[in-house]
Amino acid sequence: MIIIVTGVSGSGKTTVGTLLSRKTKLPFFDADDFHPTSNVEKMTKGIPLNDHDRGPWLENLASHIQKWNREGGAILACSALKESYRNVLQVEKNIFWVHLKGDKLLLEERLQNRKNHYMNPSLLDSQLDTWEEPEYGFHIDVNQSPESIINEIFTHINFKSMKSKLGIIGMGVMGKSLALNFAEKGIGVSVFNRTVAGQEEKVASTFAEENQEYPFLKGFDSMEDFLSSLETPKKILLMIPAGEAVDAQLDQLGWLLEQGDIIIDGGNSFYKDSNRRISVMKEKEINFMAMGVSGGEEGARKGPSIMPSGNREAFDAVSPFLQKIAAKDKEGGPCLTYVGPEGSGHFIKMVHNSIEYGEMQAIAESVHLLKYGLKLSHPEISRILKTWLGEGLNSYLLEITSDIFLAKEGDQFLVDIILDAAGQKGTGGWSLQTALEYHVPYSPLAEAVTARQLSAQKSYRSELSKVFNHRFRAFGEDKVILMERIKNAYSLCRILNHETGFSLMKEVSDENGWDLDFSEIARIWTNGCIIRSGLMEELIHIYKETDSLLKHKKTITKIRELKTDLAYIVGLGLQHDFALPVFSAAANYLLGRITEDSAANIIQAQRDYFGAHRYQRKDGPEGGSHHTDWLSMKKSTGK
Ligand SMILES: NC(=O)C1=CN([C@@H]2O[C@H](COP(=O)(O)OP(=O)(O)OC[C@H]3O[C@@H](n4cnc5c(N)ncnc54)[C@H](OP(=O)(O)O)[C@@H]3O)[C@@H](O)[C@H]2O)C=CC1
Ligand SMILES: O=C(CO)[C@H](O)[C@H](O)COP(=O)(O)O
């Protein structure tokens, strides 16, 4: 909605507008700030503006009103003295006019007291002469406190009848936080949640009631009411579990929506499901967008990283709202970008989560070594992780792990009470599945998925632990040196985790012709999302110069520096009975990548021996295919 506060100089437009902005959460603009310099000069000299002067200024304001409306709304303070001026500004249907009126003596007194304003008080008479009282809008006498003016205005705005810019289905952790984030930015948002009799009732309406400080937040328990509360074309964000729930929701919406409406799936859906859904919805002429969102509950509330893909026009229609709620990068740009066609937004979110799995596991392995190998206490571990943050390893995940190691329930550290059986909802496994499909080596991140699977089989582990009398054995070496080596091992593992994920993105992007921009992807992952880190900041620049992290000069130097420590820690850890799946996979992945003479010639020989699978020769032309009669060769060599 657009609220235009009109009135002559001294009527309090700026005060009222600013307070309205605070209450509605809509941004405030003062029309005076849009005058060209020539007009400002005239007004400063006390020369009244004529209609010729005002023309371009009003036209400029009118186009801003349209822009602000597209972005969610605004409050504008503008004298708009004549009906012809107001007509120029009446470019949107949802403009609410507030006309401030006051006694001449009161206005004069206020103008006399005003400092730092270019309006000459002597112009008041001319303004009062020019003022054409409109018959519409809300008229209010300014001879009362600003607060009571605001309250009166509020009781006259019919918020209920106003259409919302956006609707959200799914009032779970993410849906609620995103709804509040939109509402806080003054964007009209309607929310809906399914009803499960006896379990989930009036979820959306209760949520809106509990958050009445946001006048543009509306809750509906009926799908029909929810849909009719939305502006056309309707824009609906789904924040529900991936899989069947999304298909069922789309089936229902497919019947209820109209041509040109937009559905955005903001959950963690598998990208191939999104590709299919885009086609299905296209047949119904409904625009479907696949959009990754990262940041968890806090990110969704305060600023997530947003990864939309699919229909470009639909993106353009929702982008102004998304820009407002997204996290900001170091330069102040939104952590939001149009990722690419089809389900590429869900694809990169899937890979993001896969890197997340790798990072979480690598940190967990580091901490296990510190705790059981070096026998450090929880506060010591917390402190060490904190120092790592300041030593070039800063990341959100490391930061929260440092916090976790201080959290206590009574006398006990909470982390020790938590069952060591990790959950997973799908994205890590789908990444591995995709890596296999596209023949992309994925071992470090694949091991993070397997580690969660192993952890989940707790009773089996407990049983075998007794059978094998498994114990972590403490290291006998110098603690300070080992702490440094563990840090270095983690540091390299982190680089390799990212390299693995970005390699998958490159291969899938090339194969599908998506033309993904990896520097831009790194940029939108520098804030808001779970894998934000100092390394991600570096990746913005690195991926501008190369498409392979392993070929970048800076990374090569780092790898040379840290490689021995990763190998050392893996060796030491395994010898002392520590499972280090991601650390060791990362070390092997690196060696696998940099070994020229691998053992694969032996594999090829074996394949050809037992199955005549044929092989290529180092000394033959490329692509040539050979087979050996291995048994005859064995006979001829007589062995
Ligand atoms: N939590 C997180 O950190 C993140 C989650 N995501 C993704 O966002 C989506 C939502 O996650 P989150 O908010 O955490 O999940 P929650 O479990 O907290 O909420 C899920 C919501 O979906 C509703 N829902 C469940 N089943 C259905 C169905 N069959 N039809 C319609 N609505 C249904 C639930 O309603 P009801 O209350 O009635 O059960 C609830 O409102 C998921 O895809 C998730 O993977 C993405 C980024 C981060
Ligand atoms: O997307 C997310 C963060 O980026 C979610 O938190 C997701 O649920 C994490 O995945 P999993 O539950 O499999 O650990």
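Predicted model: local features only at pLDDT ≥ 70, side-chain atom pairs only at ≥ 80, totals over all residues.
Local features here need pLDDT of at least 70 and side-chain atom pairs count only at pLDDT 80 or more, while totals for chains, interfaces and linings use all residues. Residues are numbered from 1 along each chain as its sequence is written, and chains are lettered from A and ligands numbered from 1 in the order in which they are written.

Colleague: Between which domains does ligand 2 lie?

Modeller: The shell around ligand 2 includes N268, S294, N353, K425 and I530, where a residue is near a molecule if its C-beta atom, placed from the backbone, lies within 6 Å of it. Domain bounds come from an automatic or database domain assignment. Because both contribute residues to this shell, ligand 2 lies between domain 2 (163-342) and domain 3 (371-594).

Colleague: Which elements give two or more residues to the shell around ligand 2?

Modeller: Helices (H or I, at least four residues) and strands (E, at least two) are DSSP runs, numbered from the N terminus. The shell divides into one nonpolar, eight polar and two charged residues; Ala, Val, Leu, Ile, Met, Phe, Trp, Tyr, Cys and Pro count as nonpolar, Asp, Glu, Lys and Arg as charged, and the others, Gly among them, as polar. The elements giving two or more residues are α15 (344-373) and α19 (427-437).

Colleague: At what angle do α19 and α20 pack?

Modeller: Their contact includes G428 and L432 of α19 and L445 and V449 of α20, with C-beta atoms, placed from the backbone, within 7 Å. Axes are lines fitted to C-alpha atoms, for helices over the stretch in contact, and angles run from 0 to 180 degrees between N-to-C directions. With axes 9 Å apart, α19 and α20 (residues 443-456) pack at about 140°.

Colleague: How many nonpolar residues does the contact of α22 with α26 have?

Modeller: Helix α22 (residues 479-512) and helix α26 (residues 581-594) pack at an angle of about 65°. The contact includes L492 and L496 of α22 and F583 and L590 of α26. Alongside two polar and no charged residues, the number of nonpolar residues is nine.

Colleague: Which residues does a cis peptide bond join?

Modeller: Most peptide bonds are trans. The cis bond has an omega of about -10° and joins T232 and P233.

Colleague: What is the phi of E285?

Modeller: E285 is found in the loop between α12 (271-283) and β11 (287-294). Most residues other than glycine have a negative phi. In E285 phi is positive, near 60°.

Conventions: Contact = placed C-beta atoms within 7 Å.
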